[in-house]
Structure formats: structure tokens, C-alpha cells
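Here are a few notes to read alongside the model.

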Amino acid sequence: MMFILCIWLMASGLFAVIGIAAWNAKKAVSFWNLTQPVRVYDVKNYNRAVAKMWFVFAGLFAVTGLPLLGGQNSAWIVYSILGCMALSIGLMVVYMRIEKKYRIY
């Protein structure tokens, strides 16, 4: 199970890399649509908020992978699955709040 945890942590690291890219971006980063840019009034603070969102998601995603250390037939894996689903939904909700705060209408 250590191999699976390593893969889980690499995926978490990938989310952190997305956060680093958002932190350093000069244009507003997008979340839902990669072809249509997001129109925001403060690009720097918007990108920083999105980057922080990705950093928190990456950390919590890594923590939800810890039950994988319980072994192959452990019931604790349910917490990893449900935690991942809850984090994904939470990520969308947080992004919608960030977008609502910085979007130009």
C-alpha cells in the first residue's frame, strides 16, 4: 500500500504545482474553462486567492491519503474516498466564492 500512497502524494504534489503556477501567473488563471479568460478587476489578488485554494486542497488531499497505510483490506479506505469527494466539492464551492468576489460583471 506504500506504493499507492506514493502515487496519492504525487497527485497531491501536482495540485501544489498548479498552485505555484497560479501564484506566478500574470494573467487571470481559469478553473472551469481553459479557452475563455476570466475577467477580474484585481488579477494579482485573484491569482493569489486561487493559488492558496490549490495549496490548501493539496495539503488536505495528502492527508486524506493517510488511511491507505492501513493495508489492502482496510475499511479506512472509505475515508479516503469520501474525503476526496468532499474536497472536490469544497474546491468548487471555494472557487465560486473567489470568482464572485473578483469578477467584473
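Which side chain does R103 meet in a salt bridge?

1. R103 pairs with the side chain of E99, at 3.0 Å from N to O. A salt bridge here is a side-chain nitrogen of Lys or Arg within 4 Å of a carboxyl oxygen of Asp or Glu. Searching the whole structure turns up one salt bridge.

2. A quick word on ground rules: this is a predicted model, where local features need pLDDT of at least 70, side-chain atom pairs count only at pLDDT 80 or more, and totals for chains, interfaces and linings use all residues. Residues are numbered from 1 along each chain as its sequence is written, and side-chain values use heavy atoms, leaving out hydrogens and water.

3. Are the two partners buried or exposed? E99 is buried, at 15% relative accessible area, while R103 is partly exposed at 30%. The cut-offs are under 20% for buried, over 50% for exposed, and partly exposed in between (1.4 Å probe, protein chains only).

4. Now find N47, which sits in helix α2, residues 43-64. Helices are DSSP runs of H or I with at least four residues, numbered from the N terminus. N47 is buried, with a relative accessibility of 1%.

5. What does N47 touch, setting aside neighbours within four places in sequence? Its contacts (heavy atoms within 4.5 Å) are A22, W23, A25, K26, K27, A28 and V29. The N47 side chain also reaches the backbone nitrogen of V29, at 3.0 Å.

6. Last, look at helix α1, residues 2-24: its axis and that of α2 come within 7 Å and cross at roughly 170°. Axes are lines fitted to C-alpha atoms over the stretch in contact, with angles from 0 to 180 degrees between N-to-C directions. So α1 and α2 are roughly antiparallel, a label for angles over 145 degrees.

How values were computed. Helix = DSSP H or I, 4+ residues; strand = E, 2+ residues; numbered from the N terminus. Polar contact = N/O pair within 3.5 Å; in protein donor to acceptor, adjacent residues only side chain to side chain. Parallel < 35°, antiparallel > 145°, perpendicular 65-115°, else oblique.
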